[in-house]
Amino acid sequence: MQAQAVAQPNIALIKYWGKRDVQRNLPAVSSLSVTLDTLWTTMSVEFSAAFPDDSLTLNKEPVAKLLPRVSACLDRVAGSERHRARVISECNFPIAAGLASSAASFAALVVAADAAVGGEGDRLTLARAAGHASGSAARSLFGGFVELDAGVGDNDISLSPLADAEHWPMEVVVAITERGKKPVSSGDAMQRSAETSPFYSRWLSDQSVDLDTARDAVKQRDFDKLGEIAEHNCLKMHSVTWTSRPPIVYWNTATVACMQAVRELRGQGAAVFFTIDAGPQVKAVCLPESADRVAEALGNVPGVVQVMRSGLGRGARRLAAA
Ligand code: PMV
């Protein structure tokens, strides 16, 4: 009753921000993302009658804080009558720092747990289980460009892979400006945004237009169109957080300097745009021919402590037993 899986984080170009059902963790808006390939999280899940409790080890350290969410997610995949589980995770990038570590973790977890109980959960069912734990995790079940439809009323989310890496190769340069954990979790920040930002209702009502534009841009492989709408959507999400009470500001000085560097590079002809999630890291999305100069320029921005590069990757999948 043991299995291992790997998943990559995904970066939203049209953001999920806000929940329409907090209990079921259903998103208030649809979103569109790209799944990466060189950043990864592995999960090994073993169920045994011999284990007294669930346990979770992340990069060789026990982590109690995440355990309730992990246990609930295991219940959803393997049933609440399941044996207790030993979960061992390895991750090659900073955790809880706005780099979608929870997306990769829960995507890998549902695939490993399903395989460990010999299940053949279809992708959508597993994506929904991952999404209940972390809204963005559902997208990491799929590779390339992925659209998540928020659904309405009692309906759960649904997912559509829009294009894979072969359809439109792209590189993402991640400028890490701080390795520490974010000050406010995305779940708490979304709640505060919904309750206090005067811009929140406008954020909700304009999302479908942004999504339509981005989907068309992916289909037409129109990089400028995709970049314009992705930056706009990102800045709108952050305007909602800035105008919450008390305000939530995820950026630091280097975040702003990276945004400026991206604009300058674009002015010099590079095919690049930025996006930023619930943390201070800047993700510069570029066409492969521009990636070297983008990585070099962002690496030279004061305050950038590391630059990571990735192409687009595949969805979460089971790893063969060692
Ligand atoms: O899935 P969560 O609860 O970690 O929230 C993700 C929120 C953003 O990363 C900021 C946006 C997104 O769509 O991934």
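In which strand is alanine 12 found? I would like to start there, and the answer is that alanine 12 lies in strand β2, which covers residues 10-14. Please keep in mind throughout that what we are looking at is a predicted model.

Alanine 12 is buried, with a relative accessible area of 4%, and, leaving aside residues up to four places away in sequence, it touches Leu32, Ser33, Arg139, Thr275 and Asp277. If you look from alanine 12 across to leucine 126, which is 114 residues apart from it along the chain, you will find that their C-alpha atoms are separated by 20 Å.

In soluble globular proteins, nonpolar side chains tend to be buried together. Here the largest nonpolar core has 40 residues, and those with the most contacts inside it are Val45, Leu74, Val87, Leu109, Val110 and Leu141. Two or more residues each come from β1 (2-7), β6 (41-48), α1 (67-78), β9 (84-91), α2 (101-116), α3 (123-133) and β10 (145-149), and among these elements α2 gives the most, with 11 residues.

Next, the helix pairs. Two packed helices are described by the angle between their axes and the distance between the axes.

The pair α1 and α3 packs at an angle of about 155°, with the axes 9 Å apart, and the two helices are therefore roughly antiparallel to each other. Their crossing is right-handed, and in it Arg69, Cys73, Arg76 and Val77 of α1 meet Leu126, Ala129, His132 and Ala133 of α3. By class, this contact has five nonpolar, one polar and two charged residues.

How do α5 and α6 come together, and at roughly what angle do their axes cross? The axes of α5, residues 200-220, and α6, residues 223-242, come within 9 Å and cross at roughly 160°, which makes α5 roughly antiparallel to α6. The crossing of α5 past α6 is left-handed. Among the residues that make the contact are Tyr200, Trp203, Gln207 and Ala214 of α5, together with Leu226, Ile229, Met237 and Val240 of α6, and the contact as a whole divides into nine nonpolar, five polar and five charged residues.

Finally, the axes of α7, residues 253-267, and α8, residues 291-299, come within 10 Å and cross at roughly 145°, in a right-handed crossing. Here Cys258, Ala261, Val262 and Leu265 of α7 meet Arg293, Val294, Ala297 and Leu298 of α8, and this contact divides into seven nonpolar residues, no polar ones and one charged.

Key: Residues are numbered from 1 along each chain as its sequence is written. This is a predicted model: local features need pLDDT of at least 70, side-chain atom pairs count only at pLDDT 80 or more; totals for chains, interfaces and linings use all residues. Side-chain values use heavy atoms; hydrogens and water are left out. A nonpolar core is a set of buried Ala, Val, Leu, Ile, Met, Phe, Trp, Tyr and Cys residues joined through side-chain atoms within 4.5 Å. Buried means under 20% relative accessible area, exposed over 50%, partly exposed in between (1.4 Å probe, protein chains only). Helices (H or I, at least four residues) and strands (E, at least two) are DSSP runs, numbered from the N terminus. Axes are lines fitted to C-alpha atoms, for helices over the stretch in contact, and angles run from 0 to 180 degrees between N-to-C directions. Angles under 35 degrees count as roughly parallel, over 145 as roughly antiparallel, 65 to 115 as roughly perpendicular and the rest as oblique. A crossing is left-handed if the near helix is turned anticlockwise from the far one by less than a right angle, and right-handed if clockwise. Contact means heavy atoms within 4.5 Å. Ala, Val, Leu, Ile, Met, Phe, Trp, Tyr, Cys and Pro count as nonpolar, Asp, Glu, Lys and Arg as charged, and the others, Gly among them, as polar.
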